[in-house]
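Visitor: I've just opened this structure and I'd like to learn how to read it. Could you take me through some of its features, one at a time?

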Amino acid sequence: IGADTSTFKPTQASATRTLTVPMAGRKDGDKIVIRATAGDASLNFRTDSIIVTIADTTAPKMTLTSKAIANNPNMKGGDSLDVQVTASDSSGVQKVGYRVYRIGGPDSTTVVFGDSVAGTAGSTVAQGSFKRLLATSMNIGTYRVLGFATDNSGRVTNPGPTLQFTIVDAEKPTITFVSPAPGATLNIGDQLFVRVNLHDNVGLK
């Protein structure tokens, strides 16, 4: 993957050579053999070598944005949520995406939904742009959007970037008159009994 040859005129007692070796495409665990050969004016030659191992210790760098959350983090079921993710890594990006969790409650470790995209072979950058309608069945509360990226060495961005949005209650209570019936006629002196059914998706106050 690299070579350097030089002849010294006049001869020298010592010399230092520098060679830049391209590392593109190298993977975690790859081994590189570096071999050097030197010869003197008397045609005496010596060859020696060392082995170095490539280690990928750096997780991908990534960004996470959402125009909808930036405009208004208070959302409701049926609203559109957009998420943009970008990740970069010298070894290449295997996958980049996001996951949504509800903050608090028994389901705080459960992924509510998420999306991801695979990286492109030979590229050190991966991007994804996602959009979905929030389900009307989502519980009222605050949610965390957590970005994640995995490089070709298996390193994962941790912690990943986060955003937050809140599902608010935008549904009004319902009122149903049971008695008397709408349009009913009462005689003077009759007793009036009123019965009303009230309902709310979150709870009446």
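Visitor: Let me start with charged side chains. Which residue forms a salt bridge with Asp-79?

Guide: One thing before we start: this is a predicted model. As for the general idea, side chains of opposite charge can pair when their charged atoms come close. Here, the partner of Asp-79 is Lys-76, and their closest N and O atoms are 3.3 Å apart.

Visitor: Is Asp-79 buried, exposed or partly exposed, and what about Lys-76?

Guide: Asp-79 has a relative accessible area of 21%, so it counts as partly exposed. Lys-76 is partly exposed as well, at 37%.

Visitor: How many salt bridges does the structure hold?

Guide: There are three. One of them joins Arg-17 and Asp-4, with 3.1 Å between the closest N and O atoms. Both Arg-17 and Asp-4 sit in the segment before E1, 13 residues apart. Arg-17 is partly exposed with a relative accessible area of 48%, and Asp-4 is partly exposed at 38%.

Visitor: And which residue does Arg-132 pair with?

Guide: Arg-132 forms a salt bridge with Asp-115, where the closest N and O atoms are 3.4 Å apart. Arg-132 belongs to strand E8 and Asp-115 to strand E7, so this pair ties together parts that are 17 residues apart in sequence. Arg-132 is partly exposed, with 29% relative accessible area, and Asp-115 is partly exposed too, with 23%.

Visitor: Strands keep coming up. In what order do the five strands of the open sheet stand?

Guide: First the general idea: strands of a sheet pair through backbone hydrogen bonds, either parallel or antiparallel. In this model, the order is E4-E10-E9-E6-E7, and the pairing is mixed.

Visitor: Why is one side of E4 and of E7 left without a neighbour in the sheet?

Guide: Strand E4 (74–75) and strand E7 (111–118) stand at the edges with a single partner strand each, so one side of each has no neighbour there. For E7, look at strand E6 (residues 93–102): the two pair in the antiparallel sense over seven bridges. To find your place in that pairing, look for Gly-97, which stands opposite Ser-116 in E7.

Visitor: What about strand E5: how many bridges join it to E3?

Guide: Five bridges join E3 to strand E5 (residues 80–88), and the two run antiparallel. Along that pairing, Met-62 stands opposite Ala-87 in E5. E5 also pairs with strand E8 (residues 125–133), in the antiparallel sense and over nine bridges. There, Val-83 has Phe-130 in E8 as its bridge partner.

Visitor: Now the loops. Where does Ser-66 lie?

Guide: You'll find Ser-66 in the loop between strand E3 (61–65) and helix H1 (67–71). To judge how covered a residue is, look at its relative accessible area: under 20% means buried. Ser-66 has 7%, so it counts as buried.

Visitor: What does the side chain of Ser-66 reach?

Guide: It reaches the backbone oxygen of Asp-82, at 2.6 Å. Leaving aside residues up to four places away in sequence, Ser-66 touches Leu-81, Asp-82, Gln-84 and Leu-163.

Visitor: Which loop holds Asp-40?

Guide: Asp-40 lies between strand E1 (31–39) and strand E2 (45–53). With 38% relative accessibility, Asp-40 counts as partly exposed. A polar atom of the Asp-40 side chain lies 3.0 Å from the backbone nitrogen of Ser-42, and the backbone nitrogen of Asn-44 lies 2.8 Å from a polar atom of that side chain. Now try Gln-12: 28 residues separate it from Asp-40 along the chain, while their C-alpha atoms are separated by 9.0 Å.

Visitor: One last feature. Which residues form the nonpolar patch on the surface?

Guide: The patch is made of Ile-175, Phe-177, Leu-186, Leu-192, Val-194, Val-196, Leu-198 and Leu-204, with about 790 Å² of accessible area together. Strand E11 (174–179) and strand E12 (195–199) each supply at least two of its residues. Leu-204 comes from the segment after E12.

Definitions and conventions
Residues are numbered from 1 along each chain as its sequence is written. This is a predicted model: local features need pLDDT of at least 70, side-chain atom pairs count only at pLDDT 80 or more; totals for chains, interfaces and linings use all residues. Side-chain values use heavy atoms; hydrogens and water are left out. Two strands pair if DSSP finds at least two bridges between them. Helices (H or I, at least four residues) and strands (E, at least two) are DSSP runs, numbered from the N terminus. Buried means under 20% relative accessible area, exposed over 50%, partly exposed in between (1.4 Å probe, protein chains only). A polar contact is a pair of N or O atoms within 3.5 Å; within protein, one must be able to donate a hydrogen and the other to accept it, and residues adjacent in sequence count only if both atoms are side-chain atoms. Patches are made of residues with over 30% relative accessible area and no salt bridge: like charges are joined within 9 Å, nonpolar side chains (Val, Leu, Ile, Met, Phe, Trp, Tyr) within 5 Å. Accessible areas come from the Shrake-Rupley method with a 1.4 Å probe; for residues, only the protein chains shown count as cover. A salt bridge is a side-chain nitrogen of Lys or Arg within 4 Å of a carboxyl oxygen of Asp or Glu. Contact means heavy atoms within 4.5 Å.
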